[in-house]
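Here are a few friendly notes to read alongside the model. Keep the 3D view open and follow the points in order.

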Amino acid sequence: MSTIGAILYDAGRTLLRPRMEAPDIWDFLGAQLGLKLTRERALPDIGHHFYSRFGEDGMGSYDSDEAARSFWASYYMQAMRDAGIDLPEETLHSAADALYDWYQEPEQWETYPETLETLEQASKLGLTQGIISDWGTDLVPILHAHEVTRHLDFVVASAAVGSAKPHPDIFRYALTRGRLQPHEVIYVGDSYISDVLGARTAGIEAVLIDREGRAPEVDCPVITSLLQLFDLIN
Ligand SMILES: [Mg+2]
């Protein structure tokens, strides 16, 4: 790779992950609906739900707070319908909304074990660091609470800039924001389509983070820990 002056990161499942798992989500929804739900049920595939909306409003699923909320509401409502919950639309919508609110609380998120160490190390190397994320405007308080912002030069949340990945505009916005040229940036994310292909549309080289080793063979570097970024840069 050419000389890298900046690392830009995706947020969800790259720097941060939700604390709750499917059983916690079913407990939460059950409490909202006044039902005892099976905790062991898997949630519908989120990638499928997201990409099935491409061509409709898929690309815009995160370009405003309203869009992000409505995307997740539709996902949880689908999950509840798949689970055979036969309640009025408004009741399901209200439970889905409450779950979205719950996710906005910083305590519902945690950093990966190597997240802060990676940010610190990159800081010491004098690299510019920023986030480009498909997220609502609640992203910044969540990052603050987990001390992630301490090492960052900027955070670009799709809902705040009105453009979501994989559209090049959100990447170009971040380049302008950081006064960066595409060739000096490396971008890392966990989604091949949104992150790798998205970054490429803006001329940025991208790395896929695949902590569980689930990715098929892809045409970009793949890492299993953020710390491996430094091997790629050197
Ligand atoms: Mg992600």
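1. Start with the crossing of H3 and H4, which is right-handed. Please keep in mind that this is a predicted model. Helix H3 covers residues 65–82, and helix H4 covers residues 89–103.

2. How do we describe such a pair? Two packed helices are described by the angle between their axes and the distance between those axes. Here the angle is about 125 degrees, and the axes of H3 and H4 lie 8 Å apart. Angles over 145 degrees would count as roughly antiparallel and 65 to 115 as roughly perpendicular, so H3 and H4 are oblique to each other.

3. Which residues make the contact? From H3 come Arg69, Trp72, Ala73, Tyr76, Met77 and Met80, while H4 brings Leu92, His93, Ala96, Asp97, Leu99 and Tyr100.

4. Now zoom out to the whole protein, which has 10 helices and eight strands. Its radius of gyration is 18 Å, close to the 17 Å that the globule rule gives for 234 residues, so the protein is as compact as a globular protein of that length. Along its principal axes, the C-alpha trace spans about 55 × 35 × 35 Å.

5. What share of the residues counts as buried? Of the 234 residues, the figure is 33%.

6. Finally, look at how the chain meets itself. Among contacts in the protein with a separation of 6 or more, 62% are between residues 24 or more positions apart.

Methods: Residues numbered from 1 in each chain as written. Predicted model: local features only at pLDDT ≥ 70, side-chain atom pairs only at ≥ 80, totals over all residues. Axes fitted to C-alpha atoms, helices over the stretch in contact; angles between N-to-C directions. Helix = DSSP H or I, 4+ residues; strand = E, 2+ residues; numbered from the N terminus. Parallel < 35°, antiparallel > 145°, perpendicular 65-115°, else oblique. Left-handed = near helix turned anticlockwise from the far one by under 90°. Contact = placed C-beta atoms within 7 Å. Rg over C-alpha atoms; globule rule 2.2 N^0.38 Å. Buried ≥ 20, exposed ≤ 12 C-beta atoms within 10 Å, placed from the backbone.
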